[in-house]
Amino acid sequence: MKVLKERIEEIITLIAEVANGNFDYQLDISETGDELDAIIAGISMLGQELKNSTVSRDFMQSIYQGVVDMLVVLNTDCTIRNVNEAFVEITGYREQELIGKPVMELFKLRDNPGLQAMFSKFKLQGKCLNLELLLGAADGRKIPTSCSLSYLKNNQQETDGILIVAKDITEQKRKETELHDAKVKAEAANEAKTNFLSSMSHEIRTPLNGIMGFTGLLLDTKMTPTQAQYVNLIRTSGSTLTKLLNDILDLHRIEQDKIAIEAIPFDLRENIASHLEPYKYLAESKHIAFSYTFDQAVPRVVVSDPTRINQVLINLISNAIKFTEAGSIHVHCDLVSLDEAQGKAEIKFSVHDTGIGIPMEKQEIIFDSFTQSDQSMSRKYGGFGLGLAISKKLVNLMHGAMGITSPVVGQVTGSTFWFSVKLKYLGVETMDVEEEDFEENFTLPENKQILVVDDNPINIILMQDVLENMGAIVTTAENGEEALKIALSQPFDLIFMDIQMPGMDGLEVATRLRGANVTSPIIAFSANAFKDDIAKSIGAGMNDHLCKPFTTRDLVVLLKKWA
């Protein structure tokens, strides 16, 4: 009996130890294996189960509290059951003051108008991911969060609650705001740059039009050889300034992705040769030998942008002539690859010269804007370092490549600039070429009435002289209001309309004339050289565009087309 009593006391001690959390407390089982031993074994097994469940619970609790994101556990009625330490730290709430409160007190409807729709979707799908909601903090702050919701299940897989994982995205939103502000500022800067270049183009081209126009008229008069030389120098200087202005505008258009590469069929050899011939004489005037060749495999008729190809090639040749004091320049066109199945080819142009060459360490920067291999060159040779930058960007638009080898193999100096373009080709040897519609001594039919509108008196005098020399009867107007009144009072065969004028501009005048059923062709006579500006002119009802400064050839082509 005494042994039994002691055994029962040991069992009571075991139960007390397990109840107090000492799950490792053990009693030895006797060899008899009686009922008391079975009770001891059962209590020990229960202790181990309790130990395992407690460790698991503590482990999960440590994870729950250690997560850096905010965790909110809701009851099935969407009241708050508990929150983790991250939630307390970020919001400033104490867990005790939140327990039992509706979750809507944290995520208020006035801050989150889509909240009810979100919960409806959650009930249908059982989860919601990465929903942006504003969480109210204890101090009144609105914390932007990215929330994900999911159901909590018990051991019987019954819904026991809702878990909200809320990530604080305050820093992300700040960066998004900074990026948006930076984008707005960049766009505003680009818009300001575009407006500045457009205004600069107008302000420079307007007087330049007078310089180039009156120089052309002066060359048609009797002059001494010295006077003719001076006038030609003025025209050359004006052409140089025009090229610089065009380069600046081209560079900006490329940066703005506003240059489109055309796809025009043309005879590659004939087109390139016609553009190279003038430079042959220019090189020979410096006593430099100039030659050009085409590989026999190069297709004759191709489809690409002849203007841009020639622009790049002429820039390389101009540089070669500029930086070569003696020796030779050779231009070669070679076939890189030919895909007969798809009718595609890659053509490579190379310009070899015996000039001063480009140092190896400078060969990368020469393709940067406003950069030359030696800044002192701009003083000795002139130039602004734009040509190569524009050329490389144009070549990239034509899916090609561009590079340099200097010095030339086997020489101490000299350079080989090359570029390749990918284009389509036609399997024909010739193509019909339209003759350019230009006559040297062009005259208009009798009694052609032409209205010239411009707020610049010099441009009016110039256009009046040029057109009257061609036989036109010219009427002039110096502003939009005057032009509208004159054009509505009598018919004209052709109207040249300036765009930028104080008061009523040329676009408004054209729109009103078309609204009054005036059908006379209207030519935009403008210094605005951007394609967008030309498109606006056409959209206002004008028929064509004459850019300042213009050449006699440009004017004659338009007169034959519209007068």
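**View 1. Glu346, a buried acidic residue without a salt bridge.** In this predicted model, Glu346 is buried but forms no salt bridge. The nearest side chain of opposite charge belongs to Lys422, 4.9 Å away. Glu346 sits in strand β10, residues 344-353. Its contacts include Asp334, Leu335, Val336 and Ser337. Glu346 also touches Ser420, Val421 and Lys422.

**View 2. Helices α13 and α14.** Two packed helices are described by the angle between their axes and the distance between the axes. Here α13 spans residues 480-489 and α14 spans residues 506-515. Their axes come within 9 Å and cross at roughly 20°. That angle makes α13 roughly parallel to α14. The crossing is right-handed. From α13, Gly480, Ala483, Leu484, Ala487 and Leu488 take part. They meet Val509, Arg512 and Leu513 of α14.

View 3. Most peptide bonds are trans. Pro407 lies in the loop between β11 and β12. Pro549 lies in the loop between β17 and α16.

**View 4. Positive phi at His399 and Asn447.** Most residues other than glycine have a negative phi. His399 has a positive phi of about 60°. This residue lies in the loop between α11 and β11. His399 is exposed, with a relative accessible area of 59%. Asn447 also has a positive phi of about 60°. Its place is the loop between β12 and β13. Asn447 is exposed too, at 56% relative accessible area.

Technical notes
Residues are numbered from 1 along each chain as its sequence is written. This is a predicted model: local features need pLDDT of at least 70, side-chain atom pairs count only at pLDDT 80 or more; totals for chains, interfaces and linings use all residues. Side-chain values use heavy atoms; hydrogens and water are left out. Helices (H or I, at least four residues) and strands (E, at least two) are DSSP runs, numbered from the N terminus. Buried means under 20% relative accessible area, exposed over 50%, partly exposed in between (1.4 Å probe, protein chains only). Lys and Arg count as positive and Asp and Glu as negative; His and the chain ends are not counted. A salt bridge is a side-chain nitrogen of Lys or Arg within 4 Å of a carboxyl oxygen of Asp or Glu. Contact means heavy atoms within 4.5 Å. Axes are lines fitted to C-alpha atoms, for helices over the stretch in contact, and angles run from 0 to 180 degrees between N-to-C directions. Angles under 35 degrees count as roughly parallel, over 145 as roughly antiparallel, 65 to 115 as roughly perpendicular and the rest as oblique. A crossing is left-handed if the near helix is turned anticlockwise from the far one by less than a right angle, and right-handed if clockwise. Lists of a residue's contacts leave out its neighbours within four places in sequence.
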